[in-house]
Amino acid sequence: MTAAPPDDDMVVGNMVASNRVVGSGFGAGGPVGTGVPFRRENPARPNEIVGEMAACTADEVSDIVEAAAAAQRDWARRPTPERVDLLRRAADAVGASAKRLAPVLTAELGKPIDDSAGEMGFAAAFAHHVATRVEALTAESVVDDDAGRVVVTHEPHGVVAAIVPWNAPLILSSLKVAPAVATGNTVVVKPSPLAPFAVTEALAAMAAELPPGVISVVHGGADVGEALVGHRDVAKVAFTGGEVVGRSVLRTAAERITPTVMELGGNDAAVILDDLTLDDDVMERMVFGAFLTSGQVCMAAKRIYVPEHRLGELVDRFRETADRVLVGGDPADRRVTIGPLVTRAHRDRVADLVAGAVDGGATAHALGTFVDSWDPEEGYFLRPTLVVGAAADSTIVTTEQFGPTVPVVGYDDLDRAVEWANASDLGLASSVWSDDEERAFDVGRRLRAGMTFVNCHNRAGMSLRVPFGGVKRSGFGREFADAGIAEYTATHALHAPASVRAGTRGRAGAPSAGALAGRAYPT
Ligand code: NAD
């Protein structure tokens, strides 16, 4: 399916003469979006408009979901190998679009260009991974023995509503779309208005390889998200975003008891043990663990705990390494590793957090360099900082900064560091760093998080086979790995106990009606 132009000026998937992207969502019937269009500026050069996107009305959302529900009935009936084959083609299509779409993602989001290409590569790789796992995971199981017959099947939910944030739109969409589609659901994606273009193009490329209505995209803000989540035909909600919106999504979903996967924010602790050798490799992993995508990553290291007697050494090594590897500037320039923040308001919020820490007596060490000839004042840039001397209970330590700053806090006693790490209401990821892997795993077992990295943090520790998701207020449900595929099916169990099979009543060994009534628990 190729989305056709909604009118002469709006060409889905093309740069128009003005060099702006103009686009719309799409469904089974083609492009949609007669709501109020919105624009997105380039956060590296806010005077430059990247493009204009057509928003959907609530009625259009409803039509799209109903068409997705109709498409799902046929899609679910297809044998899994046929769906897998089509998913592989869709994966190849998104992979092939990487070169074309990476500059679009970089322009709308400020993400360094190689990371943008990496997002497309991830989307393709993850879809292929799902394709290799789904048949085994959804195979019907049968047990037929003296106790009776049990058949368990894995059924798709129906229409999945996938709501994604701006910070990694391709990765976070593909984590929902690939397993949903592979298991026989259809999916309607709502991207963030702050990064709407590349993800729409990539999903359109995938959708073109699948029957109409299997993948749809709707655009807009909270009203469109609510119309989608609350629709009577939506059978599962997969949400990634912040806690405030997450709570609102849960309220809407609660009206219809719609099951949800919630991937929310994190305030990840990195616990450094006293034996860690601070060599260049370790330090680069630590710096990028905190500063990838300018720190705008849910699973970034957001507070570092280090033994007090090694605090000075860690700060020196962190600063040296960061000054070497953090290069600010135009994110389209391949030398650049630190782009702007997503909006002016977000930049100001993170700057205020750092200023508040300094007011409270901490020192903010500026990190990294800027490429020559680039004026950071042009965009929503914020110089990365390492904050030293903030109290363990200060705001910069206890808040998800989601930006290019990280506090480092000294500890005297490892038990105290574990206690601080676990004191947060959030529990997405965490990390333990040690030359002794066994010791790191032992400490890691004591951390309350959905994931604990060892000797790395953030992207360096992610793997397609490792389940990811939060505990506490970081959410529930899992993405990645087999657990992330299982989210998109519900088991259907069929059971004929031997005791009720025809011909068993009255036979020696069969329980009497009285015995059955009195048997409180099955065995
Ligand atoms: P957000 O919560 O503001 O928005 C997320 C999405 O929800 C957007 O598409 C938005 O338009 C939509 N939305 C807004 N109001 C809605 C409503 N009432 N009903 C339905 N949808 C609605 O998040 P953001 O600012 O885009 O992203 C940043 C947050 O996401 C951070 O807190 C970050 O930690 C989190 N995050 C979590 C993960 C994870 O895997 N756990 C990954 C990335 C980002």
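**Entry 1: the model.** I am working with a predicted model, where local features need pLDDT of at least 70, side-chain atom pairs count only at pLDDT 80 or more, and totals for chains, interfaces and linings use all residues. Residues are numbered from 1 along each chain as its sequence is written, and side-chain values use heavy atoms, with hydrogens and water left out.

**Entry 2: strands.** I looked up strand 4 (residues 45-54) and its link to strand 1 (residues 21-27): they run parallel, joined by 4 bridges. Strands are DSSP runs of E, at least two residues, and helices are runs of H or I, at least four, numbered from the N terminus. Two strands pair if DSSP finds at least two bridges between them. I found V21 bridged to G51 in strand 4. Strand 3 (residues 38-42) runs antiparallel to strand 4, with 5 bridges. There, E41 stands opposite I49. A hairpin of 2 residues connects strand 3 to strand 4.

**Entry 3: the ligand.** I checked the 28 residues around the ligand; V164, K190, G242, L264 and E400 come nearest. Near means a heavy atom within 4 Å. A backbone N or O atom of V164 is 2.8 Å from a ligand oxygen atom. For L264, a backbone N or O atom lies 2.7 Å from a ligand nitrogen atom. The side chain of W166 has an N or O atom 3.0 Å from a ligand oxygen atom.

**Entry 4: the shell.** I noted which elements give two or more residues to the shell around the ligand: helix 7 (222-229), strand 10 (234-240) and helix 8 (243-255). The shell residues divide into 16 nonpolar, 8 polar and 4 charged. Here Ala, Val, Leu, Ile, Met, Phe, Trp, Tyr, Cys and Pro count as nonpolar, Asp, Glu, Lys and Arg as charged, and the others, Gly among them, as polar.

Note on methods. Polar contact = N/O pair within 3.5 Å; in protein donor to acceptor, adjacent residues only side chain to side chain.
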